[in-house]
Amino acid sequence: MPELSPYGTWTSPVSAADAAAAGGGASWLDRVGGELWWAEGRPAEGGRVALVRLTADGSVQDVLPAPWNVRNRVHEYGGRPWLVIGETVVFTHWADQRVYAHDLTSGETTALTPEPAQPQGVRYGDLRPGPGGEVWAVRESSTGPRRTDIERALVAIPLDGAERVLVDGRRFFTAPQLSPDGAHAAWLAWDHPAMPWDGTELFVAPVAADGTFGDARVLAGGADVAVCQLEWESPDRLLALLDPDGWWNLHRIGLDGSVVNLAPVATELGGALWKLGLRWFTPLGGGRHAVLDAGRLAVLDERDGSVSPVEAVAGELTSWSSSGLAVVDGAVTGIAAGARRERAVVSVDLAAGTWAELTPQPADLPAPEYLPVPQERVFTAPDGSAIPAFVFPPANPGFTAPEGERPPFVVHVHGGPTGSSDASLDLDFAYFTSRGIGVVAVNYGGSTGYGRVFRERLREQWGVVDVGDCVAVAEALVAEGIADGARLAIRGGSAGGFTSAASITMTTTYAAATVKFPILDLATWTGAGGETHDFESQYLHSLVGPYPETLERYRERSPITHAGSLAGPVLFLQGLEDQICPPEQADRFVAGLAGRGVDYAYLRFEGEQHGFRKAVTIIAALEAELSFYGQVFGFPTPGVAKLELSR
């Protein structure tokens with residue numbers, strides 16, 4: 001018989017340590033011969049990213065011992081960090097950002113790139129194989145004291161010689177990919193103020209016998225067409241995801257300039273290129289391709305132009321990662337999660353209609369009855385636009401709430417803002433829902449997965465559409481009797497931190513906000529302010545307006561402008577090494593709160609960048625957030641230390 005207890009007071013086996021353990025997982029998966037290799041985040045090792053391989057006997061082995069950390073800072077979000085050439089593993093190391101070669105036979109590891117004059121001042125990412133055993137990569141170099149003092153080039157890194165520049169002169173690149181016959185190279189490039197989901201150009205150039213590139217020409221893409229992935233299909237044809245019709249579809253592009261959409265569909269088969277080297281499709285042969293259809297595995301058959309979900313995994317694996325998709329022995333392999341499954345490396349036999357997990361679920365994964373089953377909903381904005389969202393209701397078999405009580409609810413705002421939330425298991429959410437606090441993840445206008453028109457609802461409307469959509473969803477849940485209107489909170493990190501801060505300062509819907517590594521002052525975050533990295537330094541030209549022509553709009557939409565009108569208490573969480581949303585923004589905001597009569601707390605974490613990777617940080621942040629909600633909403637939170645609030 002469930003115990004009668006108010007929402008928020010339920011005891012739960014889902015711990016912050018469980019959520020921290022789930023904060024790592026696989027990424028950058030690829031095939032090496034007949035094996036699968038991938039990078040693996042390890043919160044328990046201080047957030048180190050290991051390189052591992054799946055052996056023939058089914059065991060997972062480390063390729064590189066600690067302290068090697070297979071990660072890089074290109075664009076600050078990183079890019080493909082490893083590559084195998086023969087018996088050599090080439091990888092980027094986080095500590096100094098250099099490229100190293102590890103001999104699999106001797107075990108010897110040597111640096112391929114020189115020590116930069118400035119620590120981490122030269123970074124490499126998106127490692128690809130070039131001719132003659134050399135490595136092609138994007139090189140990012142710091143040229144001055146500001147975060148935006150950056151230049152980039154495409155470079156060749158020999159295993160036994162000095163690197164050389166292949167292409168420069170553009171602000172952003174993806175690494176070149178060599179055609180099957182070695183005669184051509186293809187890559188993407190774009191410039192400020194565009195982001196890669198706004199518009200990119202697909203270039204191709206001949207490769208000379210000495211490895212240099214001839215004159216490059218544009219085959220596809222443009223100012224309003226975004227190419228997000230390319231792969232060579234043959235010496236004279238490429239496959240690429242681009243969106244000339246408003247949806248990322250798979251196209252065949254000939255060196256003769258021909259472009260054919262292989263399956264015109266009003267759905268997203270690609271995504272936002274936040275990290276260099278992401279992959280949303282892989283060829284299966286015979287005119288068939290494995291694709292990620294809005295994040296779910298599907299098969300595109302160009303013979304009839306169809307895109308069909310893979311039924312074998314449709315109900316179990318609802319979210320597939322774009323950081324790894326490959327074919328091994330005829331099976332599609334990737335990284336996937338479900339509503340009650342943590343992210344794992346999986347293999348799908350399309351012919352047999354079966355699938356298997358190649359890495360196990362965590363041994364201490366909470367029992368399914370403590371995990372919320374997400375409800376996929378579509379709400380309506382005031383202007384009639386659709387707002388997709390996932391509702392995660394409270395779930396705990398040991399408790400029930402008093403009759404008539406409505407649960408507190410937290411609106412979760414994803415980052416980006418050109419990002420999205422999905423229906424996969426999130427133990428951060430389960431940490432709250434199993435204690436009687438509901439969560440709703442909102443895919444506000446501007447989110448990916450719904451086409452360019454939906455994505456561009458946010459054009460020059462950041463701080464308006466996102467805030468309004470979240471309010472509409474929260475108030476709809478209250479009107480339906482699902483949520484307690486007096487106990488609503490909003491939470492988010494990065495761009496989600498901006499929306500959370502904007503919401504608590506410019507609306508009265510929420511009683512509290514958790515603001516993680518946020519953007520708070522738009523004017524200093526862009527342009528000459530220098531308070532962000534180069535990749536996003538002109539992002540706000542499209543999200544807010546041309547700068548400095550619309551400077552007053554930047555000021556008006558900045559949460560820091562309205563810090564004196566907080567609707568309720570705020571919890572700030574910030575990594576001190578964050579180069580994307582640096583601590584000086586949160587520092588300034590919090591410094592102005594003292595004496596204003598509103599409760600707040602500010603936790604700063606050493607050794608953390610954008611997003612938290614260390615288990616100790618994840619635990620501390622999540623437990624602080626629970627204590628924060630308990631104090632604001634008026635319920636005890638046994639088992640966690642009380643967060644000290646200032647005023």
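Modeller: A nonpolar core here is a set of buried Ala, Val, Leu, Ile, Met, Phe, Trp, Tyr and Cys residues joined through side-chain atoms within 4.5 Å, where buried means under 20% relative accessible area, exposed over 50% and partly exposed in between, using a 1.4 Å probe and protein chains only. This is a predicted model, in which local features need pLDDT of at least 70 and side-chain atom pairs count only at pLDDT 80 or more, while totals for chains, interfaces and linings use all residues. Residues are numbered from 1 along each chain as its sequence is written, and side-chain values use heavy atoms, with hydrogens and water left out.

Colleague: OK, how many residues are in the largest nonpolar core?

Modeller: The largest nonpolar core has 141 residues, and those with the most contacts inside it are Trp187, Leu202, Trp320 and Trp462.

Colleague: What does leucine 202 touch, leaving aside its neighbours within four places in sequence?

Modeller: Taking contact as heavy atoms within 4.5 Å, leucine 202 meets a set of residues including Trp187, Leu188, Val218, Leu219, Leu230 and Ile253, and Arg217 is also one of its contacts.

Colleague: Switching to helix 6, is it mostly enclosed or open?

Modeller: Eleven of the twelve residues of helix 6 are buried, so the helix is largely enclosed by the rest of the structure; the buried ones include Phe498, Ile504 and Thr505.

Colleague: And aspartate 534, where is that?

Modeller: Aspartate 534 lies in the loop between helix 7 (522–525) and helix 8 (540–543), and it is buried, with a relative accessible area of 2%. Its side chain makes a polar contact with the side chain of arginine 171 at 2.6 Å; that term covers a pair of N or O atoms within 3.5 Å, where within protein one must be able to donate a hydrogen and the other to accept it, and residues adjacent in sequence count only if both atoms are side-chain atoms. Aspartate 534 also touches Arg147, Arg152 and His192, among others.

Colleague: Last one: how many disulfides are there?

Modeller: The structure holds zero disulfides, a disulfide being a pair of cysteine sulfur atoms within 2.5 Å. For cysteine 470, the nearest cysteine sulfur is that of cysteine 581, 17 Å away.

Conventions
Helix = DSSP H or I, 4+ residues; strand = E, 2+ residues; numbered from the N terminus.
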